[in-house]
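Please keep the sequence and the structure in view while reading.

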Amino acid sequence: MSGVRAQQKQKTRQALIEAAFNQLSAEHSFSNLSLREVAREAGIAPTSFYRHFKDMNELGLTLVDEAGLTLRQLMRQARRRIASGGSVIDTSVQTFMEFIETSSNQFRLLLRERSGTSPAFRAAVAREIKHFILELAHYLESETKVEPHHAYMQAEAMVTLVFSSGAEALDQDQQQRAELTSRLIWQLRYIAKGAAGYQKSST
C-alpha cells in the first residue's frame with residue numbers, strides 16, 4: 001500500500017511541475033504564478049501543494065532542474081544519433097532548436113531566471129549551464145583529443161552562443177528561425193575550426 005501511495009505522490013508532484021510549466025509564457029513569468037493557479041491546473045487543493053513542495057520557490061528551483069535535465073537528455077540523444085552518422089554541429093543545433101520549439105516555456109524559464117532577482121534561482125540556472133558546458137567539454141575532449149582546459153573554453157564559447165541564439169529564436173517565425181539556425185551552425189563551425197587550428201599550431 002505504501003508503494004501505491006508513493007507512486008500517487010510522485011504523480012501529483014509531476015502534475016504540479018507540468019502545471020507550472022504550462023502556465024509560463026512570453027507574458028507570464030514564474031514570479032507571476034500563484035500557488036492557487038498551479039494547484040488548480042494540477043487538479044489538487046491548494047493546501048495539498050505543501051505535501052510536495054515547501055513553497056513556490058522550491059517548486060521554481062525544481063522547474064529549473066527539470067528544464068536543464070530535459071535539455072541535457074536531448075543533447076545526449078543527439079550525440080548518440082551522431083555516433084551512427086551525421087554532423088556533430090548540425091545534429092546538435094537541430095536538436096536544440098527542436099527543444100526551443102517544443103519546450104519553449106522551459107527555455108524561457110532558464111533565460112529569465114539566469115538574470116532574475118533571486119540569487120538561489122540564478123545559482124541554480126548557472127549550475128545547469130555549467131553541467132551543459134562540462135558534458136560538451138568531455139565530449140570534445142574524447143572526440144578531438146584536445147586538452148581539457150581548451151575543450152572547456154571551446155564548449156563554453158559554443159554554449160554561450162547557442163543560448164544567445166535560442167533567446168533570439170523564441171520570438172521568430174519559421175523562416176527567421178531557419179535562417180538563424182543556418183547562421184548558428186556556421187558560427188559554431190568557425191569556433192570548432194579555430195580550436196582545431198590552434199591545437200595544431202601549438203603541438
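The model is predicted. Its largest nonpolar core has 53 residues, and the space in its largest pocket comes to about 580 Å³, while about 40 Å³ lies in its largest cavity.

**Nonpolar core**

- Within the largest nonpolar core of 53 residues, those with the most contacts inside it are F30, V38, M56, L59 and L63.
- At least two residues of this core come from each of the helices α1 (2-23), α2 (35-42), α3 (56-83), α4 (88-102), α5 (104-114), α6 (119-144), α7 (148-169) and α8 (174-201), and the largest share, 9 residues, is supplied by α6.
- Leaving aside residues up to four places away in sequence, L63 touches I17, A20, F21, F30 and L109, and among these partners F30 is itself one of the residues with the most contacts inside the core.
- In soluble globular proteins, nonpolar side chains tend to be buried together.

**A buried glutamine**

- Is Q154 buried or exposed? Q154 is counted as buried because its relative accessible area is 10%, which falls under the 20% cut-off.
- Q154 lies in helix α7, and, residues up to four places away in sequence not being counted, its contacts are L140, I191, A192 and A195.

**Largest cavity**

- The count of cavities of 30 Å³ or more comes to 1, and the largest cavity holds about 40 Å³ of space.
- The residues that line the largest cavity are G68, L71, R72, L110, E128, I129, F132 and F163, and the elements giving two or more residues to this lining are α3 and α6.
- By class, the cavity lining is made up of 5 nonpolar, 1 polar and 2 charged residues.

**Largest pocket**

- The largest pocket, with about 580 Å³ of space, is lined by 26 residues, and those that lie nearest its centre are V88, I89, L136, L140 and M158.
- Two or more residues of the pocket lining come from each of α3, α4, α6, α7 and α8, and α8 gives the most, with 7 residues.
- Sorted by class, the pocket lining has 18 nonpolar, 5 polar and 3 charged residues.
- L140, one of the lining residues nearest the centre of the pocket, is also among the residues that Q154 touches.

Methods
Residues are numbered from 1 along each chain as its sequence is written. This is a predicted model: local features need pLDDT of at least 70, side-chain atom pairs count only at pLDDT 80 or more; totals for chains, interfaces and linings use all residues. Side-chain values use heavy atoms; hydrogens and water are left out. A nonpolar core is a set of buried Ala, Val, Leu, Ile, Met, Phe, Trp, Tyr and Cys residues joined through side-chain atoms within 4.5 Å. Buried means under 20% relative accessible area, exposed over 50%, partly exposed in between (1.4 Å probe, protein chains only). Helices (H or I, at least four residues) and strands (E, at least two) are DSSP runs, numbered from the N terminus. Contact means heavy atoms within 4.5 Å. On a 1 Å grid over the protein atoms alone, a cavity is a set of points where a 1.4 Å probe fits but cannot get out, and a pocket is an open set with protein on both sides within 12 Å along at least five of seven lines; lining residues have an atom within 4 Å of a point. Grid points are joined across faces, edges and corners, and a volume is the space filled by probe spheres set on the points. Ala, Val, Leu, Ile, Met, Phe, Trp, Tyr, Cys and Pro count as nonpolar, Asp, Glu, Lys and Arg as charged, and the others, Gly among them, as polar.
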